Amino acid sequence: MKLARLGRMRNADALLGAPDDPEEATLTTGKTRFSALVGSLALLGTACGREELPQNTLDPQGPVARKLDDLVDPVFVIAGVIFVLVNVLVLVAVIKFRRRSEDDSPKQVHGNSKLELGWTIAPAVILGVIGIGTLGVIFDINERPAAAESLQVTVVGHQWWWEFDYPDHGITTANELHIPVGTKVDLALESVDVIHSFWPPKLAGKLDVIPGRTNRMVVEAEKPGTYFGQCAEFCGLSHANMYLRVIAHAPADFEKWVAANTEAPTEASSLRGDAAGGAALFRSKGCSGCHTVEGYSAGTLGPNLTHLQQRSVFAGAMFDLDDRNLRKWLRDPPAEKPGSLMPNLDLTEDEITKLIAYLDTLQ
Ligand code: CUA
């Protein structure tokens, strides 16, 4: 064991180009390790400060996330001060009261009542203050907004993609939650299979999405933009591929999005050429059994594709929506996304071309 470790150290020294003198060698590798440690800590520090990080809990962009952040910051400071204090005291005790000789043993004392009372009461007070603050925030962020001044959206977790239903607008879409800025969005979270967790870190915390139960969560964005999120509860093979995006629009742009997503879709019977062939394949190959295209098919297992082209991503927001990615996907979905419930339909390249031509008409 020791020999093996020694061997590894020698190897490391060789890699670092250690000098021949063993004493100098220890010094040099010590220094190198120290600078490597400082270097990686510095790197870690810069990573925390980067604003463009897509999923940064510490960069709130809405009132709900801001309330959580306002709670986290003081708790972090309090915990940091206690951490430093405890470690300094431990170090002082270890150094000052260390055993100095063979027959040097600690004196046994009864204890110090004042100290013991102090270190019982002080943490209780600190925890009490944090507890009261936390309870306040919990009640605050869970307060449901009035229906008249909020947008209602039902979020349905599927293995492994998100469905977003807008009951007041009759819209069903997938993976991208479109919202207007400055409006409280009242989310009803449901699951059709296993437990997922909805988590858009810049806008809110995370909440479990549980089959047979409706959980409630409010999100709100202050500025237009795209906010990235992710399923945060292990839900099977492609859990890590279950992304989501919240896209916040200025109110007028949101109305445009609603209009585009409520327009009557093109009649399949009016299509010509490859698109018409694709529409026929959509039925004969069984796509229609899993996907809804309003007025054409009524499947509910996979995402509703009526206004597919209004989206920028597909397959749990794993891929950008373009013909190249659709082609790769249609060749073999489980190869692109492990565990995908959409099977490999053994489509020919010609069939894929036609299907893509049809999907391109779903505006
Ligand atoms: Cu859904 Cu993890």
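Visitor: Which residue forms a salt bridge with Asp186, and how far apart are the closest N and O atoms?
Guide: Arg216 forms that salt bridge, with the closest N and O atoms 3.7 Å apart, where a salt bridge is a side-chain nitrogen of Lys or Arg within 4 Å of a carboxyl oxygen of Asp or Glu. The pair links distant parts of the chain, 30 residues apart, with Arg216 in strand S8 (residues 215-219) and Asp186 in strand S5 (residues 184-191); strands are DSSP runs (E, at least two residues) and helices likewise (H or I, at least four), numbered from the N terminus. Please keep in mind that this is a predicted model, in which local features need pLDDT of at least 70 and side-chain atom pairs count only at pLDDT 80 or more, while totals for chains, interfaces and linings use all residues. Residues are numbered from 1 along each chain as its sequence is written, and side-chain values use heavy atoms, with hydrogens and water left out.

Visitor: Buried or exposed, that Asp186?
Guide: Asp186 counts as buried, at 1% relative accessibility, whereas Arg216 is partly exposed at 32%; buried means under 20% relative accessible area, exposed over 50% and partly exposed in between, with a 1.4 Å probe and protein chains only.

Visitor: How many salt bridges does the structure hold?
Guide: There are eleven, and one of them pairs Lys202 with Asp59, whose closest N and O atoms are 3.3 Å apart. Lys202 lies in the loop between strand S6 (196-198) and strand S7 (207-209) and Asp59 in the loop between helix H2 (22-49) and helix H3 (63-96), so this pair ties together parts 143 residues apart in sequence.

Visitor: On to packing: which residues touch the most other members of the largest nonpolar core?
Guide: Among its 36 residues, those are Trp162, Tyr166, Leu177, Leu187 and Phe198, a nonpolar core being a set of buried Ala, Val, Leu, Ile, Met, Phe, Trp, Tyr and Cys residues joined through side-chain atoms within 4.5 Å. A second, separate core of 24 residues includes Ala279, Tyr296, Leu330 and Leu362.

Visitor: What is Leu187 in contact with?
Guide: Leaving aside neighbours within four places in sequence, the contacts of Leu187 (heavy atoms within 4.5 Å) include Val153, Leu177, Phe198 and Arg216.
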